[in-house]
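Please read it alongside the sequence and the coordinates.

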Amino acid sequence: MSERRKLSVLGATGSIGTQALDVVRKYPDAFEIVALTARSSAEKLFGLVREFKPKLAVLEKEPEVIPQDVRFCEWAFGADGLVKAACMDGVQDVLAAVVGIAGLPAALGALDHCERLLLANKEALVTGGALVMEKARRLKKKILPVDSEHSAIFQCLQAAGNNPVSRILLTASGGPFRTWSAGDIERATKAQALGHPTWRMGPKITVDCATMMNKGLEVIEAYWLFGLELDRIEVTVHPQSVVHSMIEFEDGAVLAQMGKPDMRGPISYALGFPGRLPYGGERLSFKERLELSFEAPDTRKFPCLAYAYQAQRQGGGYPVALNGANEAAVEAFLRERIPFGAIARVNGQVLEQYPGTPVRGVEDVYAVDQWARHAAREILDK
């Protein structure tokens, strides 16, 4: 890179944001941080502001005191601040690493101002995929996926040339409960659900991995990013998390992207694209025994994956309703209000109850989201 790229990091204190800033630290001459946002980790954000000296810093809730030594930059608060950080003058790259539907307005706003949207907020496409992709196409803006699976697919496609792809194969670790019985999964505790075997992520995404809802959301995300029909996007369980995803060509040849499970890999690839930025991660050794196993997902034990396929097939507001119900159910589980098994039941019941109202714009997306959360809370209260 010949000049410093101006970068806004949405969700700077979360798992993806923290690791992205680790990469930025390795390349101080390549990136300039112009905006940083956090939800509630004020002290962490204060530290990052001191280090990176952005022009704008955003918190969801205004703290009682902003230290004098971080008042050199502009401060904003609330959801509007997130959009403001995505729409900074001169910003070239926006890393969208917030969790949930809250990232949708920022993703849409970023496309008006940035050159590239580095997308780690899968819910923006789950809930507003048609809106986001249509805008990106119209404005000729590039969306670079940061999720490890979608980054893997994207990397494989760079090597595909003009050869048609017959299938996308998204890999899933299977989460902490892959070998558990259905009864044991039903009674799983919060601590057990947060014990992912290979990845270290935030609590909401980690619970989604345990239910396999995360993989379902990734199926929907892949549908929008890569333009393949839903029945050509398959999930295979790969417990070692070494093969991050694959594409299959029409002649049956399969191209895979592999590496140690480390989110700095896909983050640095997006930041450095079309080049590659070494990030200092551990490398695979092919001199030692390397076992790679694959199996079909069990949607009887993990019905959330099947619900995601169902919702995307039904289209319209169904994926929005599923996502809203899931966010409400996971929040209740993390507060230890419901057992683990109830998450899937709430999601299934909300999908059954959803009347299928049309979705034509962002306002409709938020209306469906609010309906789904209300429906989920009514089920939870019972």
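## The pair R167 and E248

E248 has a relative accessibility of 14% and therefore counts as buried, a term that here means under 20% relative accessible area, with exposed meaning over 50% and partly exposed the range in between (1.4 Å probe, protein chains only). R167, by contrast, has a relative accessible area of 24% and is partly exposed. The two form a salt bridge in which the closest N and O atoms are 2.7 Å apart, a salt bridge being defined as a side-chain nitrogen of Lys or Arg within 4 Å of a carboxyl oxygen of Asp or Glu. The pair links distant parts of the chain, since R167 sits in strand β8 and E248 in strand β10, 81 residues apart; helices (H or I, at least four residues) and strands (E, at least two) are DSSP runs, numbered from the N terminus.

This is a predicted model, in which local features need pLDDT of at least 70 and side-chain atom pairs count only at pLDDT 80 or more, whereas totals for chains, interfaces and linings use all residues. Residues are numbered from 1 along each chain as its sequence is written, and side-chain values use heavy atoms, with hydrogens and water left out.

## Other salt bridges

The structure holds 30 salt bridges. One of them joins K122 to D147, with the closest N and O atoms 3.4 Å apart; K122 lies in the loop between β6 (116-119) and α5 (123-139) and D147 in the loop between β7 and α6, so the pair ties together parts that are 25 residues apart in sequence. Both K122 and D147 are buried.

Within helix α10, E218 and K215 are 3 residues apart and so are separated by about one helical turn. They form a salt bridge whose closest N and O atoms are 2.6 Å apart, and both partners are buried, E218 with a relative accessible area of 2% and K215 with 6%. Elsewhere, R5, D93, E115 and R116 are linked in a network of salt bridges.

## The sheet

Four strands form an open sheet in the order β9-β8-β10-β11, with mixed pairing, where two strands count as paired if DSSP finds at least two bridges between them. At the edges are β9 (233-237) and β11, each of which pairs on one side only. Neighbouring strands of this sheet are turned by 20 degrees against each other on average, direction ignored.

The parallel strands β8 and β9 are joined by 5 bridges, and T171 has T236 in β9 as its bridge partner. Helix α10 lies across β8 and β9, running at about 150 degrees to β8; axes are lines fitted to C-alpha atoms, for helices over the stretch in contact, and angles run from 0 to 180 degrees between N-to-C directions.

## Helix α6

Of the 11 residues of helix α6 (residues 148-158), 9 are buried, so the helix is largely enclosed by the rest of the structure. The buried residues are S148, E149, H150, S151, A152, I153, F154, Q155 and C156. Their cover includes β7 (142-145), β8 (165-172), α10 (213-226), β10 (243-249), β11 (254-258) and α11 (264-272), contact meaning heavy atoms within 4.5 Å.

## A nonpolar surface patch

On the surface, M258, F286, L290, L292 and F294 form a nonpolar patch with about 450 Å² of accessible area together. Patches are made of residues with over 30% relative accessible area and no salt bridge, like charges being joined within 9 Å and nonpolar side chains (Val, Leu, Ile, Met, Phe, Trp, Tyr) within 5 Å; accessible areas come from the Shrake-Rupley method with a 1.4 Å probe, and for residues only the protein chains shown count as cover. L290 lies in the loop between α11 and α12 (303-314) and, at 33% relative accessibility, counts as partly exposed.
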